[in-house]
Structures are given as structure tokens and as C-alpha cells.
Amino acid sequence: MRAGLSPEIRKQVRPSVEHLDAYDPGFVPAKIVLSANENTHGMPKAVHQKVMDAITQVPTNRYPDPLANKLRAAIAEWQGVKPEEVLVSNGGDESLFNLVLAYGGADHLTVNVSPTFSVYELYARMVECPVVTIERDPETFDVEIDQVAQAAKDASLVILCSPNNPTGNTIRQADVARVCEACTGLVLVDEAYIEFADAGVSAQPLLEDYDNLIILHTLSKAYCLAGGRVGYLLANEQILEALEAVRQPYSVNAFSQAAALTVVENREAFQPAIEDIKGERDQLIETLNDIEGIRTWPSQANFFCLRTDQAHQVWETLHDTYSILVRDFSVAPGLQDCLRISVGTHEEDEALVAALREIVG
Ligand SMILES: *Cc1c(COP(=O)(O)O)cnc(C)c1O
């Protein structure tokens, strides 16, 4: 935990920053890292080599293409949209920030569906957006759609995460449509983990019907490029134009553009590992749920949530005794005694199960 800003600095910062804590990924070194929802299988070797080769060709003395047009065209073709309907960013995180920067502000309400990715609220508060929080069902983590649709009426931005981080569940297409209809502002569906979900889960087909819908994807998770920082938005051209105006022109560096283009061109090579992770996930959730004292939730992502008594101590023992790092949400609102665990390789998952059997069982 951070101590917070000193009183002197507190007087100097922008008022909205006074009480903000920096985002803390909760990383401490461990042999088995299952804490950040990365693709634990790593990039296919042949693709990794191609990425490295592409990077060596990048001229370092020239600025990158601000809009990453080659990459943008490749993504557009992949996703079946026009290049103008794609905006590439320095990780999905940059897009999340630029969205509230362009569309938020003091009288611009953001609707957040909690528990969810904490970054949404952090960024919204940073730019003085009032945040209306709609709680999920405390048992199932389902979105309370009537409440969200009601709150959406006055919102500049509604943020829906599907599959939701950290609970792993999704929102139905029909519910997204309902929010788009209710909302006079924009509706963002953050699909950072969509590649791990069942076919038909994505809200992307709704882009054709709703011009206030924005979809976020990233290459950080399924496509093994968390270190490269490349994400993208899909939305209508007019929405993206405002984001182009607020973004830092060179936010996506030339190395990352080259790496991401290679990844997108070789995306089929990632599919076997994605399928493997989905299988591992379902197996792991079932196996752990059978341990007395552990409750797991189903997940459509490459991570899942579990609840167990004394979760913080379990987290600590996992780390200190077994060198397994997971994410501790045990004191987060709505997530009491919950841990979030990324799916590992088969060996890592076996080690996790064995450790949890000893600790909890
Ligand atoms: C990881 C993640 C992102 C984006 O991550 P980037 O690495 O910045 O692309 C966005 N939303 C959620 C919910 C995430 O978990």
C-alpha cells in the first residue's frame, strides 16, 4: 500500500489527482506468475522470430506513422471493418484514458458496472468525470441490466467489460443492445479477453446497428504482446475522430507497430494455444471447485475468480511457500475473499491445484 501524497504535493496537484492511488498490478517476483492474465503459453517460436526480424528493420531516426496505417489496415481486414473504423493505441489502456479525456469531464457522467477493471474509475476520476456505479449481482456477478439501462440515460459513457475482469462472465448481446438504445452517449464494451470466449459472445456485430457503440480489443492477452503495448478500438469514424484529436500523435512506437503487424498477419498460429488455455481453464475451474472450501465461478476468459476463507492468507502462502503468484482481490468491494487466477500451462496449473489442495483442503 502506498502512503499517499505528501501534504505539500497534495496542494500542488490537480484537485482530481489529490486522492488517487497509482494503479498497482500487485506484482512480486515468483516462479509461477498467474497474476496478470497474460498468455502464459508465450508466443509461438516461429512468430516470435518473425517479430524480432521485423523489429530489426525499423528505422529508429524517423517518427512512427501516427495512426499506424499499415497495422490499422491489417486489423480492419481481420475484423471486417473499414480502416477509418479502427484506432490503434498504446495498449488498450491508452484508449480507455483517451475515451474519458475526449468524452468525459465534470458534467459528463460515466457508468461503471462493479466489480470490474479498476482502471475505468481511476481514469474517469482523473479527468473529473462523476462516476455512477451499478453493482453486479453479488452471487453471480451478472449485470443488473435494468439498472444499467436506467443509469445509461444520462451517461456520456457506459463501460461494460465482457468477459469481465476479474469475474470472467460476459454480457449478452441483447443487453448491450438495450444499453446502446437507452444511452444518449457512448457505450464501450471492453473485450480484452474476447478471444477466450465462446463464439457469438462478442458485441461486435452490433456495431452495424448502433453508432454509439465502441469495442475495445487488445493484442496483450491472447496474442502475447502485453510487452509491446498495442490495443485498438472499433467504432464509427466520427467517434474515433475525437479520439484522434486528443491522443498523443506518436503513442504507438515504430517497434510495436512492426511487432503488432507481424502478430496480426500470423494470428492463426496463436489459435492452438488459445484453445488449449480454454480447455485448461474449464478443467481447472471444475477441479478447484471440487476442493472443499473453494468456490469457483465459470469464466469465458483466460482467468477465473475463486472464493475461499482467509483468501489473503491463502494468497500469501501460495506466494511464500509455493512461489505461485495470483491476484489478491480479497478486500476489494464486492469481491470479499476472492482471488483471481490466470490460467497457466498444464504444469503450472497442476502445481497450483496441488498447492491449493494442501493449503485449503
Ligand atoms: C488487460 C486489459 C485491458 C488492456 O490492456 P492493455 O495491455 O493496455 O491492452 C483492457 N481492459 C481489461 C479489462 C484488461 O484486463
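## Exercises on a cavity and a domain contact

On a 1 Å grid over the protein atoms alone, where a cavity is a set of points at which a 1.4 Å probe fits but cannot get out, the count comes to one cavity of 30 Å³ or more. The model is predicted, so that local features need pLDDT of at least 70 and side-chain atom pairs count only at pLDDT 80 or more, while totals for chains, interfaces and linings use all residues. Residues are numbered from 1 along each chain as its sequence is written, and side-chain values use heavy atoms, with hydrogens and water left out.

**Exercise 1.** Describe the lining of the largest cavity.

Step 1. Lining residues, which have an atom within 4 Å of a point, are Leu 96, Leu 99, Val 100, Tyr 120, Tyr 123, Leu 157, Ile 159 and Leu 188.

**Exercise 2.** Characterise the contact between domain 1 and domain 2.

Step 1. An automatic or database domain assignment gives domain 1 (7–43 + 270–359) and domain 2 (46–268).

Step 2. The contact (heavy atoms within 4.5 Å) takes 33 residues from domain 1 and 38 residues from domain 2.

Step 3. Two salt bridges are counted between the domains, a salt bridge being a side-chain nitrogen of Lys or Arg within 4 Å of a carboxyl oxygen of Asp or Glu.

Terms used: 1 Å grid on protein atoms, 1.4 Å probe; cavity = no way out; pocket = protein on both sides within 12 Å on 5 of 7 lines; lining within 4 Å. Points joined across faces, edges and corners; volume = space filled by probe spheres on them.
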